[in-house]
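Please read this briefing alongside the sequence and the model. It takes up the nonpolar core, the surface patches and the salt bridges in turn.

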Amino acid sequence: MSTILATLGTDRARRLRAALTALLVAAVAVCAPFYFAPFQVFQLTMVLLYAVALAGLNLLVGFGGQISLGHGAFFAAGAYTAAVMLDRYDTGHLATLPVAAAGCFLLGLGFGVPALRLRGLYLALVTLAFAVFLPPLLKRLEPVTGGSMGLTVDKPQPPAWSGLAEDQWTYYVVLAVTAVALLLARNLLRSRIGRALLAVRDNESAAEVMGVRLSLHKTLAFAWSALFAGVSGCVYTWVIGFVSPDSFSFVLSITLLAGLVVGGLASLYGPLLGAAFVMYVPSVAQDISEAAPGVVFGLLIIAVMFVAPTGLAGLAGRVRGTAARRLTRTTTPAADNDRTSDPEPSADDDRTSEPEPSAPPTPADPAPAVAEPVGAPPRTEKE
């Protein structure tokens, strides 16, 4: 397998792994309703719709570099748009989806104007005020929203030819909407808008010098984020069949932001992991302590962030990097020993090697002649 991946190259191998992972996840997602109880299928459905909301929040916070504590308000706007259309005007369920998406997009476009002047904690405070302000407003608009009693609507019913139960059919409808929404978010991030958001997040001054319009892309970040939240709220109305102002308090906005941070900012898989955290961890906290589930929930968030500071999406990369470093440390000394050890000579080397020609000996230098005085008798051999 390693030889095949080396032949294909790094990029093609990465694409192959991504395609195989996507096929495996799709197969598990399609077969899941047939192997779980109805309540567990309901929990999976809620994970999918929360993933859509977190994907929109990821565009704004993870890739846009802005912070929002009012995402639950856009979620509520989409939910009430669908509920009012189903209850007051008796429209079909699918007809409510584009209306909720368009309405929340325009709402986010208008709300993105304060983002041009505010940033950081000031922007977070304004968005939090929007989340706190909306539930009382919904209670005041009783002729339209039903006031504190809320609205009850019908859930989508499975067609007779499908042979599916109501929870299974709802799951597949939400699965289709989630797949389209996540694919749209992925393509959006790979377009010019996504690259501009990354440039604005990293360095606004440099992005403006390169021709990026800060006001336009900051406003569009809020608009796209609100669109995904509105779609998620609309699907929430289909699944629950009931909406009320108390279901969309500011705690929902904080929970969504915490789920995104735990799942992993600026990650394509972070929204799915964060949605699972938002759905299952409160249930676990309730089982651990019925008296103070909020305390257990907070401690679990602290524990997860201590183990995975970059979120659950980055935990796999950290584990893989740690394993690779340890493997390198264990193999490097052995390789050094192999390189430093001298090989023993073999008999074959003695037979095949020929002696190198030696350099001819150089004649010894003659002794220097001793100078004799003029007129001296010749020296005999005895002397």
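The points below are grouped by topic and refer to a predicted model.

**Nonpolar core**

- The largest nonpolar core has 75 residues, and those with the most contacts inside it are Leu49, Tyr50 and Phe248.
- Among the elements that give two or more residues to this core are helix H3 (38-63), helix H4 (71-88), helix H11 (214-240) and helix H13 (270-288), and the largest share, 15 residues, comes from H3.

**Nonpolar surface patch**

- On the surface, Val132, Phe250, Val251 and Ile254 form a nonpolar patch with about 320 Å² of accessible area together, to which H12 gives the most, with 3 residues.
- Valine 132 is found in helix H6 and counts as partly exposed because its relative accessibility is 43%, between the limits of 20% and 50%.

**Positive surface patch**

- Arg12, Arg15, Arg186 and Arg190 form a positive surface patch.
- Within this group, arginine 186 lies in helix H8 (residues 166-189) and is partly exposed, with a relative accessible area of 32%.

**Salt bridges**

- A search of the whole structure finds 4 salt bridges, of which some are described here.
- The side chains of aspartate 246 and lysine 139 meet in a salt bridge with an N to O distance of 3.3 Å; because aspartate 246 lies in the loop between strand S2 (242-243) and H12, and lysine 139 in helix H6, the pair ties together parts that are 107 residues apart in sequence.
- In that pair, aspartate 246 counts as exposed at 55% relative accessibility, whereas lysine 139 is partly exposed, with a relative accessible area of 35%.
- Lysine 218 forms a salt bridge with glutamate 204, the closest N and O atoms being 3.1 Å apart, and this pair links helix H11, which holds lysine 218, to helix H10 (residues 204-209), which holds glutamate 204, the two residues being 14 residues apart.
- Lysine 218 counts as buried because its relative accessibility of 7% is under 20%, while glutamate 204, at 23%, counts as partly exposed.
- Arginine 88 forms a salt bridge with aspartate 87, with the closest N and O atoms 3.5 Å apart; arginine 88 counts as partly exposed at 41% relative accessibility, and aspartate 87 counts as partly exposed at 33%.

How values were computed
Residues numbered from 1 in each chain as written. Predicted model: local features only at pLDDT ≥ 70, side-chain atom pairs only at ≥ 80, totals over all residues. Heavy atoms only, no water. Patch = residues over 30% accessible without salt bridge, like charges linked within 9 Å, V, L, I, M, F, W, Y side chains within 5 Å. Areas by Shrake-Rupley, 256 points an atom, 1.4 Å probe, with all protein chains shown as cover. Lys, Arg positive; Asp, Glu negative; His and termini not counted. Charge placed at Lys NZ, Arg CZ, Asp CG, Glu CD. Helix = DSSP H or I, 4+ residues; strand = E, 2+ residues; numbered from the N terminus. Buried < 20%, exposed > 50% of the residue type's maximum accessible area, 1.4 Å probe, protein only. Core = buried A, V, L, I, M, F, W, Y, C linked by side-chain atoms within 4.5 Å.
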